[in-house]
Amino acid sequence: MDYNRIAKEVIAAIGGKDNIENAAHCVTRLCLVLKDDTKYSKEELESIEGAKGVFFNSGQLQIIFGPGTVEKVFAAFQECAGIKEASLQDVKQSGTKKQNKLQQAFKVFSDIFVPIIPAFVGAAMILGLRALLTTHFGFLGGSMAENWMWAQDLARFFEVIATTFAYLPVLVMYSAVKRFGGSPVLGLVVGFVMVTPQLLDRGVYLAGEFDKLDVWHFFSFQIPQVGYQGGVFPAILTAWFLAQTEKFIKKKSPQTLSFILVPTVTIIVSAAALFLVFGPIGNMIGDGLGWVIDVLYNRAGIFGAFVFAAMLQPLTVTGTQHAIQGIEAQLVATTGFNYIQPLWSVSIIAQGGAAIGMYLLAKKNSKRREVALSSFIPTLVGISEPAIFAVNMRDSMVPFFSAAFSAGIGGAFMKLFDVKANGFALTVLPGLTISNPPTIIFYVIGNLISFILPIVILFVWNNSRGVKGAEVGRGKVLTNQ
């Protein structure tokens with residue numbers, strides 16, 4: 001494989017060297033931010049040797065070359081284009097500037113939650129292990145914790161160390177303040193204010209135990225002394241305000257007093273803003289989104305779960321899915337479980353199933369097969385974009401919508417058997433590690449349903465009406481479906 005020739009062909013197909021704003025690569029893809037997005041030719045890029053798929057997402061042109069190959073292509077690309085390597089974060093930031101304001105706003109959730117996901121994953125797996133120890137098994141006549149002292153103590157130990165969700169606002173404040181350009185340590189301070197035991201737990205307050213409620217009397221304001229345990233949206237809004245306040249005070253403070261004034265005034269003003277403004281507003285936002293999801297999943301039953309699961313990947317295409325991460329984190333913090341994670345899982349693996357369907361409908365040893373298979377593999381670990389953009393939406397919308405419908409069926413199945421997770425951010429195969437143990441078998445079955453169903457749909461549709469891009473079944477590649 002001539003990597004220099006491939007690099008030159010890529011440069012020519014994207015409008016030349018002068019059209020490159022930023023470039024980097026991940027494990028499988030060459031990621032480019034172009035100055036003018038109208039100058040690249042998808043057809044030319046797809047015809048280049050080694051290119052397994054091309055799609056445009058989040059302001060980035062992404063060309064799939066696969067592991068191992070992409071590093072060599074990128075090295076040749078750098079040399080031919082005369083550019084320095086940027087980090088993936090730099091490319092993402094450049095791409096974000098090309099998104100509309102709504103997409104940029106939703107992208108903030110991803111920027112905040114991605115850095116702290118390891119804490120959620122670790123805590124969720126520990127809670128999963130605890131659940132195994134406390135789950136009743138018929139052959140034991142109870143749970144392991146009920147039968148053996150070591151299991152009981154280990155379960156208690158796991159419960160103590162899985163504190164991530166108890167201090168959720170602290171983690172969110174830290175990451176969000178950092179994202180907004182403030183001092184993360186000040187975010188930690190205000191985050192601990194939100195969960196301090198000196199304040200009444202918001203859950204107790206909402207339960208109607210108002211007799212326990214004290215208030216602060218600030219001038220003409222009466223502020224309830226209520227904490228914000230599980231308060232994702234109050235934390236994000238307050239973090240933004242804290243970062244802006246800190247920057248303002250730094251500019252206005254005398255240099256000799258800045259070391260004292262900046263942290264002191266920032267903490268006081270931000271904490272006051274939390275209780276007066278951003279806490280109540282954040283709760284309204286969180287409660288509103290929670291109400292929508294509650295209506296879809298709980299009140300509308302399996303039909304609502306069908307709609308919810310079917311809509312997740314269309315949201316991914318628009319880039320507006322990130323806000324759901326905040327709801328998932330809040331669900332785990334307040335209830336101990338996350339019923340959205342199984343819906344995410346079936347929505348992703350369904351796109352993988354559609355990609356496999358197109359793989360089976362492509363000619364043997366064809367490039368379409370190679371692209372479909374390489375795009376399917378990431379769905380096993382929860383990444384659906386390659387399957388969506390390189391296969392399922394490449395020639396027609398039939399594969400994409402067959403997957404969305406299949407995800408809805410899988411979502412209804414998950415609701416029917418009350419499948420839940422102990423955390424979030426892990427789906428499909430990794431999701432097994434955080435699935436609630438008593439329902440793990442139904443988690444597996446639901447994912448298998450959502451994987452197999454789009455394959456069946458595509459074969460039936462191809463035999464009756466034809467699927468554009470399919471090369472077997474009806475004997476030709478269709479161009480009008």
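This is a predicted model: local features need pLDDT of at least 70, side-chain atom pairs count only at pLDDT 80 or more; totals for chains, interfaces and linings use all residues.
Residues are numbered from 1 along each chain as its sequence is written, and side-chain values use heavy atoms, with hydrogens and water left out.

The protein chain holds 21 helices and six strands; these are DSSP runs numbered from the N terminus, with helices being H or I of at least four residues and strands being E of at least two. Of the 481 residues in the protein chain, 50% are buried, where buried means under 20% relative accessible area, exposed over 50%, and partly exposed in between (1.4 Å probe, protein chains only). Among contacts in the protein chain with a separation of 6 or more, 70% join residues 24 or more positions apart, a contact being heavy atoms within 4.5 Å.

Helix α16 (residues 340-361) packs against helix α18 (residues 385-392) at an angle of about 35 degrees, with the axes 9 Å apart. The crossing of α16 and α18 is left-handed. On the α16 side the contact is formed by Q351, A354, A355 and M358, and on the α18 side by A387, I388, V391 and N392. By class, six of the residues in this contact are nonpolar, two are polar and none is charged. The axes are lines fitted to C-alpha atoms, for helices over the stretch in contact, and angles run from 0 to 180 degrees between N-to-C directions. A crossing is left-handed if the near helix is turned anticlockwise from the far one by less than a right angle, and right-handed if clockwise. Ala, Val, Leu, Ile, Met, Phe, Trp, Tyr, Cys and Pro count as nonpolar, Asp, Glu, Lys and Arg as charged, and the others, Gly among them, as polar.

Helix α21 (residues 440-464) comprises 25 residues and spans 37 Å from its first C-alpha to its last, close to the 36 Å expected at 1.5 Å a residue; the expected span is 1.5 Å times one less than the number of residues. Its buried residues are Y443, G446, N447, S450, P454, I455, L458 and N462, and their cover includes α16, α19 (398-416) and α20 (428-431). Just after α21, G466 adopts a positive phi of about 90 degrees.

D418, with phi of about 55 degrees, is located in the loop between α19 and α20 and is partly exposed at 37% relative accessibility. V428, with phi of about 50 degrees, belongs to helix α20 and is buried at 6%.

In the loop between α20 and α21, N436 is buried, with a relative accessible area of 13%. Residues up to four places away in sequence aside, N436 touches A131, F337, K420, A421 and N422.

L133 lies in helix α6 (residues 117-134) and is buried at 6% relative accessibility. With residues up to four places away in sequence left out, L133 touches S143, M144, A145, W150, A151, L154, A155 and F158. The C-alpha atoms of L133 and Q152, 19 residues apart along the chain, are 7.5 Å from each other.
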